[in-house]
Amino acid sequence: RGGGLDLVAVAAELGTLALDPSDLADVLGAIHRVACRARRDDGRVPYGEAIYFGNLTRGPAARALRSVLDSAFAHLVWASALRSFADVGKGPGVGHATHAMSKQGGALTVSILPLHAESEIESEIESDDAPAADGDKGAALRVALRAARAQLADFPERYQASHAYANALALAGFDVVADAGGADAGGAGDGGAGGGGEQIMGGVGHPGVVTLLTIRRNDDETRAALARVFTRVAEVVRMRA
């Protein structure tokens with residue numbers, strides 16, 4: 001309710017096009033159609049964004065996922081089907097910038113959260129990207145990956161998940177703030193003095209649309225599934241009512 005998506009219009013779009021409301025790709029396609037149409041009607045240029053809350057840079061699996069998102073999401077859905085553009089980036093960092101951008105309207109965000117993010121880094125340590133025979137270069141990469149794994153282990157539990165959900169709420173027009181108890185947390189403070197936890201504040205809303213997807217991990221099967229989903233989204237976007 002805080003964002004810019006008309007759920008009644010999405011349901012009507014599913015019915016008009018005889019799409020399957022239980023199918024992820026069909027629903028995503030309907031969302032893109034409705035949101036983009038609303039933005040163009042308001043004189044804004046819609047654009048897309050994929051945020052991955054995991055490893056999107058180190059090792060072959062990370063680069064393979066970025067390639068899928070670039071080709072299937074940014075190119076196939078946005079450049080080809082919607083005649084616009086999309087960015088692909090890593091969360092949580094990219095999400096902080098796009099929170100401000102989305103308040104101007106026009107951004108449609110797909111956030112992807114892996115449930116086993118640490119295993120992604122661990123699997124890259126002995127990957128083909130850092131073979132033992134590669135001398136100093138391979139050894140240096142393995143050291144860097146081990147350091148990254150150790151750094152991730154130091155983060156609080158569910159670090160990426162917390163950022164992913166907070167980012168999704170922020171992109172839809174809400175803010176998640178720490179509850180220090182009382183006025184410091186925005187005046188609501190039902191936790192009492194010293195009460196921990198978080199509160200959802202704001203709710204004024206802006207024309208932002210965000211979809212949060214969870215995957216088990218970044219592997220061959222998941223990347224193929226994501227490519228199929230976005231290929232279908234592009235097909236739905238091109239349909240004539």
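At what angle do the axes of helix 3 and helix 8 cross, and within what distance do they come? The model examined here is predicted, so that local features need pLDDT of at least 70 and side-chain atom pairs count only at pLDDT 80 or more, whereas totals for chains, interfaces and linings use all residues. Residues are numbered from 1 along each chain as its sequence is written, and side-chain values use heavy atoms, with hydrogens and water left out.

Helices (H or I, at least four residues) and strands (E, at least two) are DSSP runs, numbered from the N terminus. Axes are lines fitted to C-alpha atoms, for helices over the stretch in contact, and angles run from 0 to 180 degrees between N-to-C directions. The axes of helix 3 and helix 8 (residues 220–238) cross at roughly 5 degrees and come within 9 Å. The two helices are therefore roughly parallel to each other; angles under 35 degrees count as roughly parallel, over 145 as roughly antiparallel, 65 to 115 as roughly perpendicular and the rest as oblique. Their contact (heavy atoms within 4.5 Å) includes Leu65, Leu69 and Phe73 of helix 3 and Leu226, Phe230 and Val233 of helix 8. By class, this contact has 16 nonpolar, two polar and two charged residues. Here Ala, Val, Leu, Ile, Met, Phe, Trp, Tyr, Cys and Pro count as nonpolar, Asp, Glu, Lys and Arg as charged, and the others, Gly among them, as polar.

Helix 8 also packs with helix 2 (residues 24–41), at an angle of about 45 degrees and with the axes 8 Å apart. Helix 2 is therefore oblique to helix 8. Among the residues in contact are Leu28 and His32 of helix 2 and Val229 and Val236 of helix 8. This contact divides into eight nonpolar, two polar and four charged residues.

Helix 2 has a further neighbour in helix 1 (residues 7–16): their axes come within 9 Å and cross at roughly 120 degrees. This angle makes helix 1 oblique to helix 2.

Tyrosine 47 and phenylalanine 85 form a stacked pair, 5.3 Å centre to centre with 0 degrees between the planes. Rings of Phe, Tyr and Trp (its six-membered ring) pair if their centres lie within 6.5 Å; planes under 30 degrees apart count as stacked, over 60 as edge-to-face and the rest as tilted. Tyrosine 47 lies in strand 1 (residues 47–52), and phenylalanine 85, 38 residues apart from it, lies in the loop between helix 3 (60–81) and strand 2 (86–90).
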